[in-house]
Structure formats: C-alpha cells, structure tokens
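Hi,

Here's the structure I promised to pass on. Have a look at it first, and then read on for what turned up.

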Amino acid sequence: MTDKSLVQEWTIRSERGALPLIKLGVWIALRIGRRAARIFLYPTCLYFLLSSKRAARNSREYLARVLDRPPSPADVFRHYLTFASCVLDRVFLLNEQIDRFDIRVHGDDVVREIMERGGGCILFGAHFGSFEVTRAVGRQQGHVPISLVMYEENARKIRMALAAINPQLEAEVIGLGRPESLITVAERLDRGHFVGLLPDRNVSGEDRVPYPFLGAPARFPRGPFRMAMLLRKPVVMMVGVYRGGRCYEIFFEPLIDPSEAVAADMDASIEQAMRRYVAQLENYCCAAPFNWFNFYDFWA
Amino acid sequence: MTDSNIQSAQEAELACLIVKTLNLEVEAVEIDPQAPLYGEGLGLDSIDMLEIALAVSQQFGVKLRADDKNNIQIFSSLRSLNTYIQQNRGA
C-alpha cells in the first residue's frame, strides 16, 4: 500500500468498477440490517490486516504512542474493527436510520447559539470517529445543511457512494479541485450553512506546519486555518466518537472566534488556532484511542 | 481581447492587487496576462483564489460567483479575470 489512507484502498481501486460493488455492499447491509452486517466486519478486518503490512505497521506505531505501551495484535484488530464499524454505520446514518443509534451530544449550546445568529459556521473535524453521525443528528433536528469540503479525488468517491445510498445528499460534498471551490464555501456560509472540513490530513501539499502530537512533531495543513481566518466565521471543533455497540458521543468545542482574531496579525491567529486544534485532537486521541482513522505514517 | 502578452493598464492594476493580496514573490509586471492563474502557471490554489475573490469584491465591487457557468474561462488567466471584472464593474 502506498502512503495513502486505508480508506482509499478500502474504496476499491478501479473507480468505475467500484460503483456496482458499493451498491451491492450497501444493498446487502440495508437488507440484512446492522447487526447481521457487523458479523462481516470481522473477516473483512482480518483480510485487510493481513493484506496490508504497511497499514498495520502504521496502526501499531500510532497505538504505541497513544497507549504508551507496545500494542498487542488484539489492539491492532480492535483499531481496524472500530474503523470498519464507523464505515458500516455511515450506510445506516446516510439512510436516515438514526434511531438505531444511541447518540449523546455535548456542547451543542455552542452551535445552537451560532445557528440562532444565522451567520454560518465552520466545523473542523478529523479522521477520527464519525463525522457522519453529526450530520445525521443535524438532519434529524431540521438543522441547517452541513456541507463537507474534501479533496476532489475523495469527493468523487463519496459522491459515488452517496449515489447508492442517499442521492439527495450529493450536493453537500464540495470538492477542492476547482478554482471556485472555496467561493462555494463562502457563499454557503453566507446563506447560514455549516461547512465541515477534516484538517488533520494532508498527505501532500507544501504548506504544512509541525506541531508536537503524541510525543513527536507531526505536520498539519495550514490551508484550512488560513481559509477560516479569511472567511471570518466562527470555527467549532466537532468530533463524533464511536463508543462501541450502538453508542456515539458528539463533542463541540469553540476553536476560533473571528471577533478575537486580529486581521493585522493573521499569522499569529492562525498559529494559535492550529495549536489549539492539535492539542484538542491529542486529547480526543488519548480519551478514545481506537477512533483514530489515519492509517498512514502520520509522523512522516 | 488581444493576443498580446503585455499587460494593459487595468490588467497591471489587477496584477498588483493579486501580488499584494497574496504576498507573491513575483513582480506584478512579470505576470503573463495569458498564463493560467490557478494550478500550473502562477501556481495558485483554491484558497488563493478565495483571497483574490474577496479582494476583487472589496476593490472593484465585483462578486465572483461559484455557480457562474463561465468560471473556467474567468479564472483561466489574468486577462480573462480582468475582462470579467470590467464587464461587471458598476453593473
């Protein structure tokens, strides 16, 4: 496996060939239900565990840092299983079967206040737990739409999966491959929408800044933070932690208040916001270690 | 539209705005009015384009819209971006 994420390998190599397979997988999952579908996660995880040595090694390296002890094979398997569980649950969440889940929300007053002002909000998540669970809760409560910004390549794959599950949600995926991509983001925010990004991952890209993360410096992309400062919207950190079984816990924490960020010293504001984001992400990793879904060498 | 690779006065003004807004290392006069701004060429990314859009809206009162059908054309070069701004200025 190359230095890309496991997700990319998971979503099958040939994109054209993938759609029928995704459709089949989704159809089976929805037909047999979550409990039965979960049985298939065990052999699937075992297969991926054995077929990609590099992803397993990266998992072990991460777990050794966060658990502060040498991880056992059972730990690595649990890491994979947590990831696979969240991927499977997305099918049911996107299919509006949110009642299957037991979801607890913390800090929702932060977003409620922003929503009442009607000014739009940027949500910073991570490849950690489930972002989808928040979007599903939002839809259930008649919340403003939450769009997701992602690399064009991923956007294409997600749209493809959505076409098989819930085509109405396709418009909520914004790909980064076009010059006007972020103008779309600005316009949606101005309409009061929420826009989500996962600024922990930047496999390529030059504008990355190292921050201490779980005991060693790791590079984080500066772009999303620069974008947030330019747009002058409140930024809230959002993490949906999978707690096992059918339980999820969603956390909202304020990250950037645009009235506090001084335009004259944008670089300092960006630096402060990045530091805060990385520190919070580290806290979440320590609190729920198996929810970390970057299966590449994060400290490279 | 001309084929010349010499900036017009308006193009020079826009080039200055872009260089100043993005703190680019190139001189404004060195920007080829026919070269792509985004991706290859000047090498700008979508955050740079957002910053340009915000600056253009502030300076010229022209809003660049995400759903404009001609976006590929508009963002294709300094010249075409300037043409769009001039056409929509004070409109």
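Which residues touch the most other members of the largest nonpolar core? They are Leu123(A), Phe213(A), Phe220(A) and Tyr277(A), in a core of 102 residues. Helix α5 of chain A, residues 73-94, puts in the most, with twelve residues. Do keep in mind that this is a predicted model.

Setting aside neighbours within four places in sequence, Phe213(A) is in contact with several residues, among them Phe220(A), Val278(A), Trp292(A) and Trp299(A). There's also a second, separate core of 26 residues, and its members include Ile183(A) from one chain and Leu14(B), Val19(B) and Phe60(B) from the other.

Now for the place where the chains meet. On the chain B side 17 residues are in contact with 17 residues of chain A. Between them the two chains bury about 1400 Å², with 68% of that on carbon and sulfur atoms. In chain B, the residues that lose the most area to chain A are Ile47(B), Leu50(B) and Ala66(B), which together make up 40% of what that side buries.

There's some charge in there too: chain B and chain A share two salt bridges. In one salt bridge, the side chains of Arg226(A) and Glu51(B) meet at 2.7 Å, N to O. Four residue pairs are in polar contact across the interface.

As for the side of chain B that touches chain A, its largest share is eight residues from α2(B). That side splits into eleven nonpolar, two polar and four charged residues.

Cheers

Methods: Residues numbered from 1 in each chain as written. Chains lettered and ligands numbered in written order. Predicted model: local features only at pLDDT ≥ 70, side-chain atom pairs only at ≥ 80, totals over all residues. Heavy atoms only, no water. Contact = heavy atoms within 4.5 Å. Buried area = accessible area lost by both parts, 1.4 Å probe. Salt bridge = Lys/Arg side-chain N within 4 Å of Asp/Glu carboxyl O. Polar contact = N/O pair within 3.5 Å; in protein donor to acceptor, adjacent residues only side chain to side chain. Helix = DSSP H or I, 4+ residues; strand = E, 2+ residues; numbered from the N terminus. Nonpolar A, V, L, I, M, F, W, Y, C, P; charged D, E, K, R; others polar. Core = buried A, V, L, I, M, F, W, Y, C linked by side-chain atoms within 4.5 Å. Buried < 20%, exposed > 50% of the residue type's maximum accessible area, 1.4 Å probe, protein only.
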